Amino acid sequence: MSAASTLMRSKRISVDEALGKVQSNDSIVVALAAAEPAGFLARLHTVAPRVGNVAVATCLPMQAYPFYADPAMRGHLDHDAWFFTPPVRKAHEESGTTSYVPNHLHRAGLDRIAYRKPTMFVGTCTPPDRFGFVSLSLSVTYEREMVEAADLVMLEVNENLPRIYGDTIIHLDDVDFLMENTREVPTLPSTPIEQKDALIGASIAEMIADGSTLQVGIGGIPNAVTAMLMGKRDLAIHTEMFTDGMVDLFEAGCIAKTAHSFGNQVLTGKMVAAFALGSKKLYDFLHRNPAVALMRGSWVNNPHTIARNRKQVSINTTLEVDLTGQVCSESIGSRQFSGTGGQADTAVGAQMSDGGKSFIALYSTAQVKQPDGGCKTISKIAPTLTPGANVTLHRADVDYVVTEYGAVRLKGAPVRERVKRLISIAHPDFRAWLQQEADRLKLSA
Ligand code: COA
């Protein structure tokens, strides 16, 4: 038996033994999304009767785990969430166990350590190689900092996780305990591209030069944008989230692969991200791929790092934009919908880069369910943000805004000009109303 196998065996415990290590007042942080430790989380609620004041920090949980879905957990296991998913939204409204953590993504790990130092980090990893190194695989958004800061590090070993290179690689000496949990890696369903996605994608693609470095955000529209970039040359990837669209760009020959074609990227020749979420095809692409580096989010998403790429383009989506350019991408009114994530990190970093651009894309309208069961069409470009809405991207940091009716640039423009430009890309049915409201609010003067 190799030294790595012996080391692995010596650290192996069951999920119940791992749960036995949770104590009152613990601060637990778990890995995000497809890297989450599902075995541990599925049974975490069982410790509730014997513990109090345990904080559990998550980001993008993929399932409705009882530790946050059950109201009886309050005061025993309190859930702090960096990014809401549908089950977290439901729990937030119904069980009251969840509280949102406002954070720019690149600060998430470091700010957590300063706020409540993690006593326990629980994540996932690949089996070790012959030297005893495992890969944290699908996320190092904040996980690497947690491995370094937590008193206890426990990882679920999943043989199906892709072995991804970069800051993901750690030695078993840095891990206290390992749990076996080989299971299917969670995937994201692919979203069909609608006509309005294609229009938005085409507007943005027109403004992306060959040799640009791309960041593409979470949501339906960004997938359409990558689909519209086929035909571009020598693109590079420096993004928060690695997506299926980036694999398609690589396979279509749009990503720079030779020393001759590499642009002026901070990590030359690598497709750089902090985490990956998508299909099995994406995970297979990432496995042992020397062209990919998942690097810690505090570095990848730091605007200063992003700014060092040339022609960095940031493409993100939003829920609501007001006529002065304030962008709300994380709440519908006061109802927390998702999270700040790296929207501001990437938008600001891209605009600091030489030749960089930042795009905020949205459909011009949304269908909103009414209490009587009907549906109402609203304009997502609004005179003012809905009361309670959280500003994700400050209006001074907004560059281009794009809908299916076109793209306008707000950077540098006074409010009166922003009003004109935003109304020109609003849905035609709402333009007259928006103008009346702008006049009433003295925004057009
Ligand atoms: N008022 C009311 N409801 C609205 C709305 C508005 N202004 N805008 C959208 N909605 C509704 C939609 O109708 C949809 O409802 P449904 O689920 O019943 O169909 C829902 O909200 C989601 O809207 P959609 O446009 O489909 O969202 P998405 O899945 O494309 O995600 C964001 C968009 C903005 C939520 C997502 O990109 C996000 O969380 N961004 C912030 C983080 C970020 O950008 N990080 C960047 C780096 S990864």
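The side chain of Asn309 reaches the side chain of Gln312 through a polar contact of 2.8 Å. Asn309 itself sits in the loop between α13 (303-307) and β16. Keep in mind that you are looking at a predicted model.

- Is Asn309 buried or exposed? Its relative accessibility is 0%, and buried means under 20%, so Asn309 counts as buried.
- Look beyond the neighbours within four places in sequence, and you will find Asn309 in contact with Thr213, His238, Asn264, Gln265, Val266, Ser353 and Asp354.

**Who surrounds the ligand**

- There are 25 residues around the ligand, and those that come nearest are Ile218, Leu319, Ser338, Gln343 and Lys380.
- Sorted by class, this shell holds eight nonpolar, 14 polar and three charged residues.

**Polar atoms facing the ligand**

- In Ser338, a side-chain N or O atom is 2.5 Å from an oxygen atom of the ligand.
- Lys380 has a side-chain N or O atom 3.1 Å from a nitrogen atom of the ligand.
- For Lys369, the distance between a polar side-chain atom and an oxygen atom of the ligand is 3.4 Å.
- How much of the ligand does the protein bury? The ligand taken alone exposes 980 Å², and the protein buries 76% of that.
- Two or more residues of the shell come from each of the elements β16 (312-317) and β22 (365-369).
- Which element gives the most to the shell? That is β22, with four residues.

- Helix α1 covers residues 3-11, and its buried residues are Ala4, Met8 and Lys11.
- Why do these buried residues line one face of the helix? Seen down the axis of α1, they fall within an arc of 65°, so they share one face.
- You can find the packing partners of the buried residues of α1 in β7 (152-157) and β9 (177-180).

Terms used: Residues are numbered from 1 along each chain as its sequence is written. This is a predicted model: local features need pLDDT of at least 70, side-chain atom pairs count only at pLDDT 80 or more; totals for chains, interfaces and linings use all residues. Side-chain values use heavy atoms; hydrogens and water are left out. A residue is near a molecule or strand if one of its heavy atoms lies within 4 Å of it. A polar contact is a pair of N or O atoms within 3.5 Å; within protein, one must be able to donate a hydrogen and the other to accept it, and residues adjacent in sequence count only if both atoms are side-chain atoms. Accessible areas come from the Shrake-Rupley method with a 1.4 Å probe; for residues, only the protein chains shown count as cover. Ala, Val, Leu, Ile, Met, Phe, Trp, Tyr, Cys and Pro count as nonpolar, Asp, Glu, Lys and Arg as charged, and the others, Gly among them, as polar. Buried means under 20% relative accessible area, exposed over 50%, partly exposed in between (1.4 Å probe, protein chains only). Contact means heavy atoms within 4.5 Å. The arc is that of the directions from the helix axis to the C-beta atoms.
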